Amino acid sequence: MELRLKDGAHRCEGRVEVKHHGEWGTVDDNHWRVKDASVVCRQLECGAAIGFPGRAYFGPGLGPIWLLYTSCEGTESTVSDCRHSDIKDYRNNSYSHDRDTGVVCSGKSCLIWQGISSRKSLCLITRMT
């Protein structure tokens with residue numbers, strides 16, 4: 001399942017969109033959680049999930065609403081590995097783009113060792129390319 005973030009300030013934030021049969025569509029924010037957002041960020045190599053706004057925060061998408069929900073454990077490599085609704089256009093089931101989900105990722109994660117072995121820290125570099 002090809003994935004992208006659309007209409008954010010940089011490539012690691014935006015409305016979650018998936019490509020199905022060559023057409024981009026959105027994901028409804030129904031049951032959307034940080035675990036789902038974490039998998040999106042991992043799949044896009046964008047670091048950690050730091051936000052997962054719903055209610056079309058990044059604007060309503062166009063075209064199909066391909067997924068009604070995803071249910072990720074948070075450890076999956078891709079959204080395809082998560083449980084999810086059937087892939088179909090849910091606009092035909094009275095759903096609208098006013099509930100498109102979004103994700104905000106940190107950028108790129110790294111580990112920094114601070115000289116003293118007892119002072120280890122995880123840093124998040126917000127390199128948005």
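Guide: A residue is called exposed when its relative accessible area is over 50%, and buried when that area is under 20%. The model discussed here is predicted.

Visitor: Is Ser94 buried or exposed?
Guide: Ser94 sits in the loop between strand E7 (83-84) and E8. Its relative accessibility is 73%. The cut-off for exposed is over 50%, so Ser94 counts as exposed.

Visitor: What is the phi of Ser94?
Guide: Most residues other than glycine have a negative phi. Ser94 is a residue other than glycine, yet its phi is positive. The value for Ser94 is near 70°.

Visitor: Where is His21, and what is its phi?
Guide: His21 is placed in the loop between E2 and strand E3 (23-27). With a relative accessibility of 76%, His21 is exposed. His21 is not a glycine and has a positive phi, near 50°.

Visitor: Are the residues Gly102, Val103, Val104 and Cys105 of strand E8 buried or exposed?
Guide: Strand E8 covers residues 102-105. Gly102 and Val104 are on one side, with Val103 and Cys105 on the other. Both faces of E8 are covered, and these four residues are all buried.

Visitor: Which residue of E8 stands opposite Glu13?
Guide: Strand E2 (residues 13-20) runs antiparallel to E8, and three bridges join the two. Glu13 has its counterpart in E8, and that residue is Val104.

Visitor: Which residue of E8 is the bridge partner of Gly51?
Guide: E8 is also joined to strand E4 (residues 49-51), by two bridges, and this pair is antiparallel. In E8, the partner of Gly51 is Val104.

Visitor: How many disulfides are there?
Guide: A disulfide is counted where two cysteine sulfur atoms lie within 2.5 Å. With bonded cysteines counted along the chain, the pattern is 1-3, 2-6, 4-5. The number of disulfides is three.

Visitor: Why is the disulfide of Cys12 and Cys46 called left-handed, and what is its torsion?
Guide: Cys12 and Cys46 are joined with an S to S distance of 2.2 Å. Cys12 lies in the loop between strand E1 (2-7) and E2, and Cys46 in the loop between helix H1 (34-43) and E4, so the link ties together parts 34 residues apart in sequence. Cys12 is buried at 1% relative accessible area, and Cys46 is buried at 0%. The handedness follows from the torsion about the S-S bond, which is about -75°.

Visitor: Which residue does Cys41 join in a disulfide?
Guide: The sulfur atoms of this disulfide are 2.0 Å apart. Cys41 is in helix H1 and its partner is in strand E8, 64 residues apart. Cys41 is buried, with a relative accessible area of 0%. The partner is buried at 1% relative accessibility, and its name is Cys105.

Visitor: What is the handedness of the link of Cys72 and Cys82?
Guide: Cys72 and Cys82 form a disulfide with an S to S distance of 2.1 Å. Cys72 and Cys82 lie in the loop between strand E6 (70-71) and E7, 10 residues apart. Relative accessibility is 1% for Cys72 and 5% for Cys82, so Cys72 and Cys82 count as buried. About the S-S bond the angle is 105°, and the link is right-handed.

Definitions and conventions:
Residues numbered from 1 in each chain as written. Predicted model: local features only at pLDDT ≥ 70, side-chain atom pairs only at ≥ 80, totals over all residues. Heavy atoms only, no water. Buried < 20%, exposed > 50% of the residue type's maximum accessible area, 1.4 Å probe, protein only. Pairing = 2+ DSSP bridges.
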